[in-house]
Amino acid sequence: MRIRMTDGRTLVGCFLCTDRDCNVILGSAQEYLKPTDSFSAGEPRVLGLAMVPGHHIVSIEVELESLASLQYL
């Protein structure tokens, strides 16, 4: 799942849960910073388990290529 935030950051991780306030919990999350003129988007920062406040969420997308690579035990 890819979540774009109001400050320009993008979080990519595995959706775990949400609550009534639209907060989202991502597992194995990685943070991508908004590219600027002085700094190009480089390596993502590994966050692990992350809680994203609902009022900071601009958009949520499901990554289909991630779904295809899932392995069920």
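# Reading salt bridges, sheet and core

Mentor: Let us start with one side chain: R9 is partly exposed, its relative accessible area being 26%. On this scale buried means under 20% relative accessible area, exposed means over 50%, and partly exposed is in between, with a 1.4 Å probe and protein chains only. The model is predicted, so local features need pLDDT of at least 70 and side-chain atom pairs count only at pLDDT 80 or more, while totals for chains, interfaces and linings use all residues. Residues are numbered from 1 along each chain as its sequence is written, and side-chain values use heavy atoms, with hydrogens and water left out.

Trainee: How many salt bridges does a search of the whole structure find?

Mentor: The general idea is a distance test, in which a side-chain nitrogen of Lys or Arg has to lie within 4 Å of a carboxyl oxygen of Asp or Glu. The search of the whole structure gives 5 such salt bridges. One of them joins the side chains of R9 and D7, at 2.7 Å from N to O, and D7 is partly exposed with a relative accessible area of 43%.

Trainee: In what order do the strands form the open sheet?

Mentor: Strands and helices are read as DSSP runs numbered from the N terminus, a strand (E) having at least two residues and a helix (H or I) at least four, and two strands pair if DSSP finds at least two bridges between them. Here the protein chain has 1 helix and 5 strands, which follow the pattern β-β-β-β-β-α along the sequence. The 5 strands form an open sheet in the order β4-β3-β2-β1-β5, with antiparallel pairing. Since β4 and β5 (57–61) stand at the edges with a single partner strand each, one side of each is left without a neighbour in the sheet. Between β1 and β5, which run antiparallel, there are 4 bridges, and R2 stands opposite E61 in β5.

Trainee: Which residues make up the largest nonpolar core?

Mentor: In soluble globular proteins, nonpolar side chains tend to be buried together. A nonpolar core is a set of buried Ala, Val, Leu, Ile, Met, Phe, Trp, Tyr and Cys residues joined through side-chain atoms within 4.5 Å. The largest one here has 9 residues, namely I3, M5, L11, V24, L26, A29, A50, V52 and I57. The elements giving two or more residues to this core are β1 (2–5), β3 (24–32) and β4 (45–52), and β3 provides the largest share, 3 residues.

Trainee: What is L26 in contact with, leaving aside its neighbours within four places in sequence?

Mentor: Contact means heavy atoms within 4.5 Å. With those neighbours left aside, the contacts of L26 include I3, L11 and A50, along with G48. G48 lies in strand β4 and is partly exposed, with a relative accessible area of 23%.
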